[in-house]
Structures are given as structure tokens and as C-alpha cells.
Amino acid sequence: MLSDEKLISLKELLVKPGKKIKLKDFNTKYKGKTLNKEDSANLLGMGRKHLAVIQDKLYAHNRYSVLIIFQAMDAAGKDGAVKHIMSGFNPTGVKVFSFKAPNALELDHDYFWRHQIAMPPRGEIAIHNRSHYENVLVTQVHPEFVLKENIPGVEKVKEVDSKFWEMRYKQIRRFEKNLADNGMIIMKFFLHVSKKEQKKRFLERIDDPGKNWKFSLSDLKERAFWDDYQRVYADVMSATSTDYAPWYVIPADDKWYARLAIATIIYREFEKLDLSYPVVSAEQKAELQKAKEKLLAEPESKGDKKKKAKKVKKAVDGHTKSDVSKSSQSIVEA
């Protein structure tokens, strides 16, 4: 079902490479009539099972790695998306990294460094909850943050100009191209929540004691820059959505739809790889047969002998009781 383009059209969610976009042209809510919350939950459940099988093949195939990036405004549902969609994966093959403001050590390296060391090895999946894109998103809204990086030639805020950002976009494209050329599948998701829905979720976090910990006054501070972030997100995705590392704009006002849409995209990208389990050669099959024969030839332990004896005794006793029952029934009938 996740492969059905009629249910979820990827064309409507994809940021086409080379195309300049505006976020107002993308929906924040599900506008279709085919899906509902209940059906979506069932589809997502089935989808998790398919993704688990594909993940197993990804690990066994050992040729590709997968990087999944989530970016969004606060309260858009990144954490929930990770929790619900990835719950079907084997945790030993998936690592989730949540990146916050860089510390002193990270600032003493180039901005890719802390993300580079969190990249997945072949056969595994890495999920970056926020990513290297923070260095062209938050820093573009607050260019004074760039000065903390101590970049040669960048001494004042006014030097963090359009040429500076074009340079960073080029660096990101080059960085991701190198990853893709070496077998990494990259999927980037922007959870597109409306300002109205964000307000609703903020109020829920304030009113619900169980959600108080999720809210910070800094979230409200950043909300004041809403229009700036909408513009910057559009510019960033327009400049960095490529065939090898595409961006998808996911309507996030309806969490149930957002989770299904993300799972669908991941599933379809995996399907393109045509993954399969490694083929065992004739020589390897012969070795497997030898191993089987050797295992079967091992002498039984005392415990195994006792278990077998009990099974035989139980079977004999069962037959004896059955025979006695039949004999008794014959006498009565006679």
C-alpha cells in the first residue's frame, strides 16, 4: 500500500532540484479525501513491518548506508515522527542523534565535524534530529552566531552576506555529494507546521503538566522570527535539494498524515535499491552442509538424553492409556 502513488503523491512533497520555492505554496494540512486517521494508523503499522524486512536486507547487503534528516520549526512533531516511524526498525542498526547548539569543542572544528562523526556505517541507518543545516538556518536568522565559529576573514556581522551563504550552500552540496557517491542514501524532511498549529501545541505544553518540560521561553523567542525562518527555510531547500539528497516538505499540522508520508517516502527510496540477501556460493553451501553434519554428529548431552527419554515414556504411556480405554469400551459394548 505504501507504494500506491494515489494515496500519497511524492511529487507534491518533493522540492524539485533547481527550483525556487516558497513555503506558502506547500500545504501544512492533509487536503486529500482518500485517507483518514484510522486508515493511516493501519497503513503505518503495515509499513513498519515492510521497513523492518528492508532494514534487515540493508544490513545483510552491506553496500549502502542511510541518512535521514529532520528539520522543522519548534513543536512540528520531529520527535514523535522518529518514535512512531522508526519503532519497527531493529535498534541495533539505527542510531538517532539530536543536535543542539554547538559547544566549545564543536565550534573549534568546521561545522560539518560533529555531524560527520555521526554518519552511519554501511548497512545501518542514522537519523539526525536537526543537522548540519542548522548552520544555514538558525545562523542565517541570527548571523551573529557565525562569529563564534572564528572563521578567517569573517570578523563582523556585515561580512556574513549573501556570498557567504552561497558559499555554504555549495559546501553542503559538495559534502552530501561525497556521501552519496560513497553509497549513502540521503533523505531530508522539513515538517511544515502552520503558525496557528504551533501556537496550539505551545499552549498544550504549557497547560499539560506532563508536557511542561517540552516548552522553553526560547521557543517563544524564536517564534517572533517566524517570517524570517519561513523565508530562510525556502531559500535553503531551494539551494540544496538535489537528485542525490532531496528535500521533502511534509504537511505537519496532522501528525498522523506526516508520519505516514515520511514512512512512505522512506519505503519507496528503499525499494529503489532492490536490496536482497547475499547469494551463497556452491562452495559456501558445501561448507554449510559440512557444518550441519558436524553438529548432528555431536554426542548428545546427558540432559538431552533425559529429555528424549521422557518424551518416549510420555508417548508410550499415552498409547497404553489409549489401548486400555479402547479395551474397556469393547467390554462394555460386548
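How many bridges join strand 5 to strand 6, and in which sense do the two run, parallel or antiparallel?

Modeller: This is a predicted model. Strand 5 and strand 6, the latter covering residues 247–251, are joined by five bridges and run parallel. Within this pairing, Lys188 stands opposite Trp247 of strand 6. Strand 5 also pairs with strand 2, which covers residues 65–72; that pairing is parallel and has eight bridges. There, Leu67 has Ile186 of strand 5 as its bridge partner.

Strand 5 itself spans residues 184–192, and nine of its nine residues are buried, so the strand is largely enclosed by the rest of the structure. Buried here means under 20% relative accessible area. In a regular strand, side chains alternate between the two faces of the sheet. In strand 5, Met184, Ile186, Lys188, Phe190 and His192 point one way. Ile185, Met187, Phe189 and Leu191 point the other way, and the residues of both sets are all buried.

As for the setting, the chain has 13 helices and six strands. Its radius of gyration is 28 Å, well over the 20 Å that the globule rule gives for 334 residues, so the chain is more spread out than a compact globule. Its C-alpha atoms fill a box of roughly 105 × 50 × 40 Å along the principal axes. Over the whole chain, 44% of the 334 residues count as buried.

How values were computed:
Residues are numbered from 1 along each chain as its sequence is written. This is a predicted model: local features need pLDDT of at least 70, side-chain atom pairs count only at pLDDT 80 or more; totals for chains, interfaces and linings use all residues. Side-chain values use heavy atoms; hydrogens and water are left out. Buried means under 20% relative accessible area, exposed over 50%, partly exposed in between (1.4 Å probe, protein chains only). Helices (H or I, at least four residues) and strands (E, at least two) are DSSP runs, numbered from the N terminus. Two strands pair if DSSP finds at least two bridges between them. The radius of gyration is taken over C-alpha atoms; the globule rule is 2.2 Å times the number of residues to the power 0.38.
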